[in-house]
Amino acid sequence: MDAVRAAGESGWYILGPEVREFEKRFAEYWGLPHAVGVASGLDALELSLRALGCKPGDKVLTTPLSAFATSLAIIRIGAVPVFIDCDESGLADLGAAERVLDQRSDIRFFVPVHLYGQCLELDRLTALKERFSLNLVEDCAQSIGSSFGGRPSGSVGQFAATSFYPTKNLGALGDGGAVLTSSGESAAVLRVLRDYGQERKYVHAIIGANSRLDELQAAILRRAHLPKLDEWSARRRRIANIYREALRNPLCPPLPAASGSSSCHHLFPVLVPPARKGEFIAFLKARGIQAGEHYPIPIMEQPALFGVSHEVVGDCAVARRICRSEVSLPIHPYLRDEEVSLVVDACNSWR
Ligand SMILES: *Cc1c(COP(=O)(O)O)cnc(C)c1O
């Protein structure tokens with residue numbers, strides 16, 4: 001409430017000191033040189049792609065197992081998502097990416113997702129980017145605080161896009177997002193893009209968007225939520241560790257963790273027999289436990305994609321299997337120990 005009052009009393013509501021201060025703190029926290037606040041995670045992805053020159057008809061490699069926004073950002077530009085399968089941990093299969101890029105020279109963009117809080121193998125991602133001169137936008141909406149080999153997610157691509165949707169690890173009290181980059185020049189382009197393409201007052205150098213992070217959300221994020229993030233992340237880690245140690249029902253094992261990834265535990269997925277997924281969710285619900293699904297429908301099968309240009313490489317069998325089997329157990333900083341035990345007991349007693 002102090003943050004809301006400060007923003008309200010300041011008399012300055014768009015692109016002022018709160019956004020500037022938050023961007024500075026947020027970039028420091030993430031460990032990348034520049035952050036640019038935008039209106040949402042979707043916009044962060046779309047504006048990053050546009051800053052890299054992505055235009056209608058361009059092919060963009062991505063994953064079918066993600067929030068719809070990942071592909072929507074590509075489609076809104078008029079570009080063409082090319083879906084590759086994911087690996088057993090739900091992350092874009094970098095081996096499959098390499099094979100496709102090896103065979104085709106018409107793909108210059110890649111949007112992988114650090115899904116569920118896990119971090120992709122950044123050394124392999126770096127090698128891919130260099131070998132194929134890729135324009136890389138990392139979808140980090142679920143990965144604040146995740147790392148691989150001591151490097152944060154988002155540190156390989158030209159841009160990292162993240163979201164402050166209220167349920168994310170660092171949520172605002174409304175919509176918000178940010179783009180992170182190590183290039184000052186790229187950050188400057190993003191600042192122009194988010195503000196109608198306005199280079200200086202009344203001079204519009206490029207076609208931009210209205211996509212600004214509000215002063216109010218920036219104030220809440222910097223003054224109230226960012227200072228708590230380490231504590232919140234520690235609590236998520238503790239809950240994930242309890243689940244990993246205590247869940248022992250072979251009917252609902254945890255999704256295998258990505259190798260070498262230090263996760264921020266945005267979600268805690270388990271896999272159940274596909275034919276019994278609804279029954280499992282109802283079983284938990286009857287015990288007062290709300291479970292989620294991330295994600296029940298692979299993106300290429302969404303009705304909105306009918307008639308919209310896209311490509312599917314191979315059968316994406318792993319992604320489809322995870323969509324049919326995945327259930328997300330509750331994991332958030334305010335879950336109490338008794339509640340975690342309740343979830344564990346429910347899962348272990350499911351027959
Ligand atoms: C939430 C999310 C987005 C979209 O963020 P919004 O702020 O809701 O637009 C994009 N990608 C992934 C992986 C997400 O989880």
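**Strand β3.** I looked up strand β3 (residues 80–83) in this predicted model and found both of its faces covered. V80 and V82 on one side, and P81 and F83 on the other, are all buried (under 20% relative accessible area with a 1.4 Å probe, protein chains only). I recall that side chains in a regular strand alternate between the two faces of the sheet. Strands here are DSSP runs of E of at least two residues, and helices are runs of H or I of at least four, numbered from the N terminus.

**Conventions.** I noted that residues are numbered from 1 along each chain as its sequence is written, and that side-chain values use heavy atoms, with hydrogens and water left out. Because the model is predicted, local features need pLDDT of at least 70 and side-chain atom pairs count only at pLDDT 80 or more, whereas totals for chains, interfaces and linings use all residues.

**Partners of β3.** I next traced the pairing, for which DSSP must find at least two bridges between two strands. Strand β2 (residues 59–62) runs parallel to β3 and is joined to it by 4 bridges; T62 has F83 as its bridge partner. Strand β14 (residues 311–312) is also parallel to β3, with 2 bridges, and there F83 stands opposite V312. I recorded β2, α4 and β3 as a right-handed β-α-β unit (with the strands pointing away from the viewer, the path from the first strand over the helix to the second runs clockwise).

**Open sheet.** I found an open sheet of 3 strands in the order β7-β6-β12, with antiparallel pairing. β7 (151–152) and β12 (261–262) stand at the edges with a single partner strand each, so one side of each is left without a neighbour in the sheet. Strand β6 (residues 147–148) is joined to β7 by 2 bridges, and F148 has R151 as its bridge partner.

**Largest pocket.** A pocket is an open set of points on a 1 Å grid over the protein atoms alone, where a 1.4 Å probe fits, with protein on both sides within 12 Å along at least five of seven lines; lining residues have an atom within 4 Å of a point. I read about 760 Å³ for the largest pocket, volume being the space filled by probe spheres set on points joined across faces, edges and corners. Its lining has 33 residues, with T167, H266, L267, I331 and H332 the closest to its centre. The largest share of this lining, 3 residues, comes from α12.

Conventions. Buried < 20%, exposed > 50% of the residue type's maximum accessible area, 1.4 Å probe, protein only.
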